[in-house]
Amino acid sequence: MQKEAIYHSSSSKYLYAYDNETIHIRLRTKKGDADEIKLRWGDPFEWEEDEKGNWTWELYETVKMEKQGSSSLFDFWVAALKPPYKRVKYAFEIHSGSESIVYAEKGFFQSDEKNDSGGFFTFPYLNEEDVFSPPEWVKETVWYQIFPERFANGNPSLDPEGTLPWGSKDPERDSFFGGDLEGIIQHIDYLKDLGITGVYMTPVFKAPTNHKYDTIDYMEIDPHFGDKETFRKLVETCHSNGIKVMIDAVFNHAGYHFPPFQDVLEKGEASKYKDWFHMKEFPLKTEPKPNYATFAFEKTMPKLNTSNPELKAYLIETGKYWVKEFDVDGWRLDVANEVPHTFWREFRKEVKAIKPDVYILGEIWHEASEWLLGDQFDAVMNYPYTDAALRYFGKEEITAEEFIDKTVSAVYMYPDNVTEVSFNLLGSHDTPRILTECGGNKDKVKQLMAFLLSAPGTPCIYYGDEIGLSGDMDPGCRKCMVWDEKQRDLDMLAFTKKLISLRKAMPVFGNHGHLTFLDQYIGQDIIAYTKEYGEEKLLFLFSNAKGAELHLDESLQGGTFKELISGRDISGSEGIVLKPNEVLILKR
Ligand code: CA
């Protein structure tokens, strides 16, 4: 047995409360090393006295752990317990061939040795207020990201000077096409028909650029986008159509034209706002590098000093204001990893006090456990999860083994209740369009969409991906939405709608279904996974550029499958033919 590879820790992703009754315990072993793992567990305080007056600890039960996933190096084992007194002492009994050993906090001991609860791992008490509890609605939500300047122009009278005719050319960094909030309202039927249930909009606050990430006033709607009344109407229109609304803010840094920063630029040390930023010295310089803290080295994005009480109060007030006055359902927070944890703890408390089920999403591109302990964010943008899919299906940069390895590793990076609400996206205003990443191959885009919509987490579709918009890194990925049916990829639209409807109709398709990769089909050039929920089971098959003919294992053979996208029947006992880059979703 490879003891060095055996790992458990009494902290977040290996030991956590899944809900108010259930504790999840995970163990990692070397791939293929352990045949069976049992969890020995009991209550820390359950002792019994024998006739001789000796007290012994009562082991409640020994339960089999389930091997729920495998990366290229490790197997991940899981047990879900509902301890009657909400507390547990536990150790792992690991079997490998003829060997068996027990792994506890004190280390390894022989399996026939007496259980010493003092050396066992401990979950002291399941306190409800410590349970990670994101808003319930999020795991059933399908998001749609809108870049308001490019979605639809509903009110030309607001257009900035120099606005170009809609879609007349590819966007440049400083182009304006006149998109606005009224445009979104006018196309609510499109969104409803697509089936999405949440809209995430990049910033709508007053700012000079087309992307509005350089906020001037967090309390005002940008006049090119509309006003507060239009914004209110937008939220109400979405709500009455069953669509949640998430807005975006940057609290890490301000825009260059943010009046307090301009005040410091002008008055230097005498400015009453000098402590709103991180100034090292006066006068301020911008060359060769700015002598004040910024986002990256960008002189036009001065970093905000969120420890300053006055500024902190202003930003937290912003967080509360749009929720309280306009009933928004979520905050997406830009560059969230560079803002202090204490700020986010306070932000969460204040905003959730107004609306407990508001969704707080941090923009973090890397592993983010420190922000996901229940006291700061409900989720982060789950780039690690979808990155492997893009590189495998889209760009053919990694092997099938690497894709499975990275995807499984991303799942075991977080507790299940964190993964269920993690924000999964294949592209955004910050990345090239998926169609472009796929070299224009629409079949690959369909594979990616099928993967996204069947993955655990809350999926987000970037506006226009569903009708075949293309474009490189920004500004290319920010083209105008196409409203002329003849210019749209209607096949892609129908495919996307079908996937969304399946996810909404079948619990097993989305978060309720457990995803298991079947790596035995890699040799047949197929990525395969099942999704299971109770009696329901789906089989997903993805071929590569060569296509494939797949022969299923005995366990899956027999009977007929219904392919859920096309509706055709497929025999399980004959070879299943897949065209190049095809996805089949099979249900018995
Ligand atoms: Ca307009």
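Analyst: Contact here means heavy atoms within 4.5 Å. The model is predicted. By that cut-off, Asn382 touches Tyr414, Ser422, Phe423, Asn424 and Leu425, leaving aside residues up to four places away in sequence. Asn382 sits in the loop between β22 (379-380) and α7 (383-394). Its relative accessible area is 4%, so Asn382 counts as buried, the cut-off being under 20%. From the C-alpha of Asn382 to that of His95 is 35 Å, and the two are 287 residues apart along the chain.

Next, the calcium ion. Asn153 (OD1), Asn155 (O), Asp159 (OD), Gly178 (O) and Asp180 (OD) coordinate the calcium ion, at 2.3 to 2.8 Å. Along the chain, these donors follow the spacing N-x1-N-x3-D-x18-G-x1-D. Asn155 and Asp180 are 25 residues apart, and both lie in the loop between β13 (143-146) and α1 (181-186). Asn155 is partly exposed, with a relative accessible area of 24%. Asp180 is buried, at 0%.

Last, helix α12. This helix covers residues 490-505, 16 residues in total. From first C-alpha to last, α12 reaches 22 Å, close to the 22 Å expected at 1.5 Å a residue. Asp489 caps the N-terminal end of α12. A side-chain oxygen of Asp489 lies 3.2 Å from the backbone nitrogen of Asp491. The buried residues of α12 are Met492, Leu493, Phe495, Thr496, Leu499, Ile500, Leu502 and Arg503. An α-helix has 3.6 residues a turn, so residues three or four places apart point the same way. The buried residues of α12 pack against α2 (188-194), α11 (442-454), β24 (458-462) and β32 (583-587).

Technical notes
Residues are numbered from 1 along each chain as its sequence is written. This is a predicted model: local features need pLDDT of at least 70, side-chain atom pairs count only at pLDDT 80 or more; totals for chains, interfaces and linings use all residues. Side-chain values use heavy atoms; hydrogens and water are left out. Donors are N, O and S atoms within 2.8 Å of the metal (3.2 Å for Na, K and Ca); water is not among the atoms, so sites may look incomplete. Helices (H or I, at least four residues) and strands (E, at least two) are DSSP runs, numbered from the N terminus. Buried means under 20% relative accessible area, exposed over 50%, partly exposed in between (1.4 Å probe, protein chains only). The expected span of a helix is 1.5 Å times one less than its number of residues. A polar contact is a pair of N or O atoms within 3.5 Å; within protein, one must be able to donate a hydrogen and the other to accept it, and residues adjacent in sequence count only if both atoms are side-chain atoms.
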